[in-house]
Amino acid sequence: QVQLVESGGGLVQAGGSLRLSCAASGRTFSSNAMGWFRQAPGKEREFVATSTWNYGNRYNGYLADSVKGRFTIVRDNARNAVDLQMNNLRPEDTAVYYCAARAANGLGKRVDEYDYWGQGTQVTVAS
């Protein structure tokens, strides 16, 4: 059974940083896309970042425009994990953040393109 478990969420002041981590078990995702989405209260789940396999040990990262220059997505195959480094956080970044993985590789920015999901971790940015 595949499981994705997120950690690292919490409360931070605006301008601060957090690092989210997502560890996968049940299968290896080293040649698959893994990413992050978020959902704020009353809003739909939205794409934040994804990392696609580019052969060997290389990955391409893609970020939503709203987080470019502030967030970085990092793969760690030794842990079968994907991390999201979030810097210069803003109150509008407040949301539940979900880790997701695809059974396939390739760029995906829609919720329905991902096959496996974590339970989510709360990130709250205070102004």
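Me: Where is N80 found?

Reply: N80 belongs to the loop between strand 7 and strand 8. Note that the model is predicted.

Me: Is N80 buried or exposed, and how do you know?

Reply: Its relative accessible area is 13%. Buried means under 20%, so N80 counts as buried.

Me: What is noted about the phi of N80?

Reply: Phi of N80 is near 55°, which is positive, and N80 is not a glycine. Most residues other than glycine have a negative phi. Y55 also has a positive phi, of about 70°, without being a glycine.

Me: Is Y55 buried or exposed, and where is it found?

Reply: Y55 lies in the loop between strand 5 and strand 6. Its relative accessibility is 56%, and exposed means over 50%, so Y55 is called exposed.

Me: How do you know that C22 and C99 form a disulfide?

Reply: Their sulfur atoms are 2.0 Å apart. The cut-off is within 2.5 Å, so C22 and C99 meet the definition of a disulfide. A search of the whole structure finds one disulfide.

Me: Which parts of the chain does the pair link?

Reply: C22 is in strand 3 and C99 is in strand 9, 77 residues apart, so the pair links distant parts of the chain. The link of C22 and C99 is left-handed, with -75° about the S-S bond.

Me: Are these two cysteines, C22 and C99, buried or exposed?

Reply: C22 has a relative accessible area of 0%, and the value for C99 is 0%. Since buried means under 20%, C22 and C99 are buried.

Me: What does the side chain of R70 lie 3.0 Å from?

Reply: A polar atom of the R70 side chain lies 3.0 Å from the backbone oxygen of N88. The distance limit for a polar contact is within 3.5 Å. Leaving aside neighbours within four places in sequence, R70 is in contact with several residues, including Q85, M86, L89 and D93.

Me: What makes strand 1 and strand 7 edge strands?

Reply: Four strands form an open, antiparallel sheet in the order 1-3-8-7. Strand 1 (3-7) and strand 7 each have a single partner strand, so one side of each has no neighbour in the sheet. Neighbouring strands of this sheet are turned by 15° against each other on average, direction ignored.

Me: How do you know that strand 7 and strand 8 pair?

Reply: Six bridges join strand 7 to strand 8. At least two are needed, so strand 7 and strand 8 count as paired. R75 has V82 in strand 8 as its bridge partner.

Me: Which residues touch the most other members of the largest nonpolar core?

Reply: In this core of 30 residues they are M34, W36, F71, L84, M86 and Y97. Strands that each supply at least two of its residues include strand 3 (18-25), strand 4 (34-39) and strand 9 (95-101). Strand 9 gives the largest share, five residues. In soluble globular proteins, nonpolar side chains tend to be buried together.

How values were computed. Residues numbered from 1 in each chain as written. Predicted model: local features only at pLDDT ≥ 70, side-chain atom pairs only at ≥ 80, totals over all residues. Heavy atoms only, no water. Core = buried A, V, L, I, M, F, W, Y, C linked by side-chain atoms within 4.5 Å. Buried < 20%, exposed > 50% of the residue type's maximum accessible area, 1.4 Å probe, protein only. Polar contact = N/O pair within 3.5 Å; in protein donor to acceptor, adjacent residues only side chain to side chain. Contact = heavy atoms within 4.5 Å. Axes fitted to C-alpha atoms, helices over the stretch in contact; angles between N-to-C directions.
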